[in-house]
Amino acid sequence: MDGDFIIGGSFALHASMNTVYNNYTSMPESVKCKGSIDTPGLRFSRAMVFAIEEINNSTELLPGIRLGYQIYDSCASVPVAVHVAFQFLNSFDPVFYTDNNCSQSGMVVAVVGDSGSTPSISISRLISSFNIPQVSHFATCACLSDKQQYPNFFRTIPSDQFQAEALAKLIKHFGWTWIGAVRSDSDYGNNGMASFLEAAQREGICVEYSVSFYRTHPQSRIQRVADVIRRSKAVVVVAFAHSGDMKILLEELSREPSPPRQWIGSEAWVTNPELTRFTFCAGAIGFGIPKSVIPGFRDFLLNLSFSEVAASPVFTEFWEDAFNCTLNKIPAADKKVCDGTEDIQNLQSQYTDTSELRITNMVYKAVYAIAHAIHNAVCKGKNATAKCDKLMKIEPKQVLTQLKKVNFSQNGYDVSFNANGDPVAVYELVNWQKSESGITKIVTVGLYYASLPVGQEFRINRNITWMEHSTKVPVSVCSDSCPPGTRKVLQKGKPICCYDCILCPEGEISNTTDSADCLPCYKEFWPNAKKDTCVPKPVEFLSFQDILGIILATVSAVGACLAIITAAIFFCHRTTPVVRANNSELSFLLLISLTLCFLCSLTFIGAPSDWSCMLRHTSFGITFVLCISCLLGKTIVVLMAFKATLPGSNVMKWFGPPQQRMTVMCFTFIQVLICTIWLVLSPPFPMKNLTTYKEKIILECALGSAFGFWAVLGYIGLLASFCFVLAVLARKLPDNFNEAKLITFSMLIFCAVWITFIPAYVSSPGKFTVVVEIFAILASSFGLMMCIFAPKCFIILFKPEKNTKKYLMNKNLS
């Protein structure tokens with residue numbers, strides 16, 4: 001249609017073209033399209049005509065100016081698209097009319113189209129040299145945002161860069177990490193998939209395979225792609241492909257049953273109702289251009305008379321396909337003759353279905369964007385007051401400049417372009433849902449706004465139906481998620497999504513799913529059984545509630561009672577020879593010290609504190625020195641008594657009771673002095689032992705000064721050794737009750753216990769160190785009790801006839 005300003009249009013009215021073979025001996029045939037009419041493409045072209053007619057009838061936009069159009073069929077192929085581009089350029093020369101007015105009729109000032117990225121690239125490269133702006137409604141390749149290569153390119157549909165990121169976030173949203181990828185072997189598919197794979201990698205998604213195909217490829221190539229999909233382990237398949245390409249692939253997949261697959265589609269095919277007949281794709285989800293309403297458009301589409309159809313080859317082809325008839329007067333074998341009685345009002349096809357206008361609205365917006373740019377170039381003012389000069393000569397470059405600035409709303413749709421010529425990206429999330437009647441419908445289940453902050457882009461407002469009509473989200477992972485308490489270890493030679501789950505090492509946890517590393521717990525904490533959280537380590541010490549603590553406390557109490565009972569027996573029989581014969585005063589003092597020895601072991605039981613730590617070691621050291629001092633005194637008495645029987649000896653006056661008391665006090669005072677120095681300089685203190693056991697805390701008493709501790713033990717050992725030597729020397733001396741021999745045995749037991757104590761004490765872990773120390777105290781105390789006092793008590797209680805002066809005198813005489 002002619003007009004004051006001409007807008008070019010390029011649409012894929014057919015899906016392919018005839019293959020031309022050149023023999024270089026004759027002129028080649030012209031390129032021709034083949035196949036049936038592409039119904040969406042026809043509707044796109046009609047939307048352009050509708051928009052131009054609407055603009056021509058407007059009193060606000062380009063008043064008094066008539067727009068014209070030149071619309072061509074690009075056949076969705078590059079050769080035809082190049083031919084179309086040259087057609088736009090061939091009309092660049094002005095046409096002179098008989099009235100000698102210079103008209104711009106025939107001069108294309110802007111182009112709408114093409115329907116595909118690859119044809120759009122071909123057209124843009126040719127017409128950009130002439131600064132002719134191009135506004136595409138369906139070319140989504142992210143490469144077209146490069147203004148260095150395509151300075152004249154705009155589009156009303158978002159770039160695939162936004163869609164690729166949206167698809168990656170969608171897959172991540174549902175937890176899929178192991179997917180397959182198929183694409184059209186074209187600029188749209190290759191660039192779109194490249195953007196998607198880059199976004200998927202950022203989201204931690206792995207791709208099992210990525211294959212490409214094109215509708216013109218041999219059937220064997222399509223079959224190989226289908227076999228890859230069938231054999232793969234990935235349940236989710238992302239398809240970045242043209243609608244025509246997907247149709248061929250899905251037809252191949254339908255020939256042989258394959259495992260269920262969850263299809264994720266790009267807008268080029270996932271919103272195409274024709275493909276919903278492939279029922280095995282039910283549950284597919286993807287992004288589509290938002291649905292829209294164009295008032296009056298359906299009436300325009302249906303306002304197609306039989307005479308108009310007969311006059312247009314394109315409409316003739318559409319009419320014959322739609323009603324399965326022929327306009328030729330000679331009918332075909334399987335077709336009747338079209339006679340004009342066909343009713344387009346009742347025709348059910350994509351051409352007449354205006355319930356979900358998506359890409360069609362992009363054409364509508366593209367035409368209006370160009371009209372606004374022309375308006376801004378030739379008109380002064382806006383709305384009804386605008387004045388336009390239709391004779392004003394404008395260059396396409398002016399339209400290109402004004403197109404960058406357009407910002408308007410039409411029928412509630414905002415239209416503007418950013419610096420890359422792209423619009424604001426908004427998508428509908430669509431889902432193929434099968435109804436009860438078995439018909440698969442495309443249902444909008446949410447929205448995606450690329451301009452919103454990260455994490456807030458999705459708005460899913462309806463339930464999604466997945467493959468096999470399930471409401472449960474399918475699982476598509478190379479390896480199952482590693483639960484808390486484990487970490488991921490990558491499988492050699494495989495993608496990062498393929499891994500093994502191994503338990504965290506000792507002392508470490510992981511509290512998140514799919515953790516790459518395990519974190520160590522703090523010193524006073526330890527992992528629980530599941531190794532997913534750190535819990536406080538149990539504090540261990542020898543308590544009165546422990547079985548060992550109860551046993552040792554009982555034995556200590558029994559030992560103290562025995563010592564007290566023995567003292568009571570001795571006190572009751574204090575006038576008998578057995579008690580008086582061996583220094584009864586030292587015997588009572590020894591029993592008191594043994595009682596304290598038994599009781600001091602109780603200070604080792606219970607939670608260590610500052611006072612208990614200082615008390616347990618000092619009381620132990622002092623009471624044992626007091627005990628051994630008494631034994632040493634008794635041994636010296638035996639030796640001195642033998643010396644005193646020699647003629648002329650007065651040695652006993654130097655070792656009487658006062659001297660014995662002084663000896664015991666001196667030996668004990670030295671130990672008290674050692675303990676005092678130890679407590680003043682570096683006393684024992686409670687501490688948490690975190691090294692002996694990793695999984696628990698040992699509450700124990702630190703020695704403070706190890707030298708002080710070993711000085712106390714060394715002094716006890718020195719006195720015990722001295723006492724043992726003297727007892728050995730005196731063991732065969734005539735003694736009424738052979739006490740020297742008993743002291744020898746007791747010291748032998750005492751020394752044996754404490755010699756074995758040292759390695760056992762050093763090597764015992766945790767609370768068993770305390771157990772070993774208590775055991776040594778009790779064993780040595782019982783040894784003294786049994787060796788020294790048990791025989792005497794036996795005589796006192798069970799052999800009273802031996803506890804007489806007469807028996808002693810007879811024994812001495814013998």
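Cys-206 is buried, at 5% relative accessible area, where buried means under 20%, exposed over 50% and partly exposed in between (1.4 Å probe, protein chains only). The model is a predicted one, in which local features need pLDDT of at least 70, side-chain atom pairs count only at pLDDT 80 or more, and totals for chains, interfaces and linings use all residues. Residues are numbered from 1 along each chain as its sequence is written, and side-chain values use heavy atoms, with hydrogens and water left out.

Cys-206 is joined to Cys-497 by a disulfide, S to S 2.0 Å; a disulfide here is a pair of cysteine sulfur atoms within 2.5 Å. The torsion about this S-S bond is about 85 degrees, so the disulfide is right-handed. Cys-497 is likewise buried, at 5% relative accessibility.

Another disulfide joins Cys-482 to Cys-501, with S to S 1.9 Å. Its torsion of about -90 degrees makes the disulfide of Cys-482 and Cys-501 left-handed. Cys-482 is buried at 0% relative accessible area, whereas Cys-501 is partly exposed at 36%. A disulfide also links Cys-33 and Cys-75, their sulfur atoms 1.2 Å apart. In that pair, Cys-33 is partly exposed at 26% relative accessibility, while Cys-75 is buried at 0%.
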